[in-house]
Amino acid sequence: AEGLDDGCGALRLRSLEAESPDLREPMHPRLPYRKSHIVYAVRYEMARTLEDVLSQRTRSLLVGARASVEAAPAVAGLVARELSKDRRWTEAQVKAFTETARGYMLP
């Protein structure tokens with residue numbers, strides 16, 4: 001979801017946000033991404049896991065590891081909704097991402 005400030009990506013983000021105004025909301029107050037970036041990553045960039053969204057499609061893990069862990073349950077919920085996944089999948093994704101993110105946090 002990097003580099004979406006102009007061009008086709010920006011048009012798609014605006015379209016997603018027009019469809020669902022709640023996607024204009026920040027993913028987390030300390031991260032520079034909106035919920036629309038999550039949906040964009042799944043629909044247009046083929047993101048399929050929480051870690052993919054939070055570390056590859058957005059750079060949330062690098063920008064703020066703690067904030068990304070705090071955002072993980074809500075982000076996993078958005079990804080799960082897009083991919084028609086259940087609560088068990090969502091919980092497993094959050095657990096796996098949290099374990100990965102620990103390596104990026106200062107003690």
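I began with the total: the count in this predicted model comes to 7 salt bridges.

Entry on Lys-35 and Glu-25. I looked up this pair and found a salt bridge, with the closest N and O atoms 2.7 Å apart. I then placed both residues: Lys-35 belongs to helix H2 (residues 35-45), whereas Glu-25 sits in the loop between helix H1 (7-19) and H2, so the pair ties together parts that are 10 residues apart in sequence.

Entry on Asp-52 and Arg-57. Here I found a salt bridge whose closest N and O atoms are 2.8 Å apart. Is Asp-52 buried or exposed? I recorded Asp-52 as buried, because its relative accessible area is 16% and the cut-off for buried is under 20%.

Entry on Arg-87 and Glu-91. I noted a salt bridge between these residues, the closest N and O atoms being 2.9 Å apart. Both partners lie in helix H6 (residues 87-102), with a separation of 4 residues, about one turn of the helix. Arg-87 counts as exposed, at 64% relative accessibility, while Glu-91 is partly exposed, with a relative accessible area of 44%.

Entry on a network. Which residues are linked in a network of salt bridges? I listed Glu-19, Arg-43 and Glu-82 as linked in this way.

Definitions and conventions: Residues are numbered from 1 along each chain as its sequence is written. This is a predicted model: local features need pLDDT of at least 70, side-chain atom pairs count only at pLDDT 80 or more; totals for chains, interfaces and linings use all residues. Side-chain values use heavy atoms; hydrogens and water are left out. A salt bridge is a side-chain nitrogen of Lys or Arg within 4 Å of a carboxyl oxygen of Asp or Glu. Helices (H or I, at least four residues) and strands (E, at least two) are DSSP runs, numbered from the N terminus. Buried means under 20% relative accessible area, exposed over 50%, partly exposed in between (1.4 Å probe, protein chains only).
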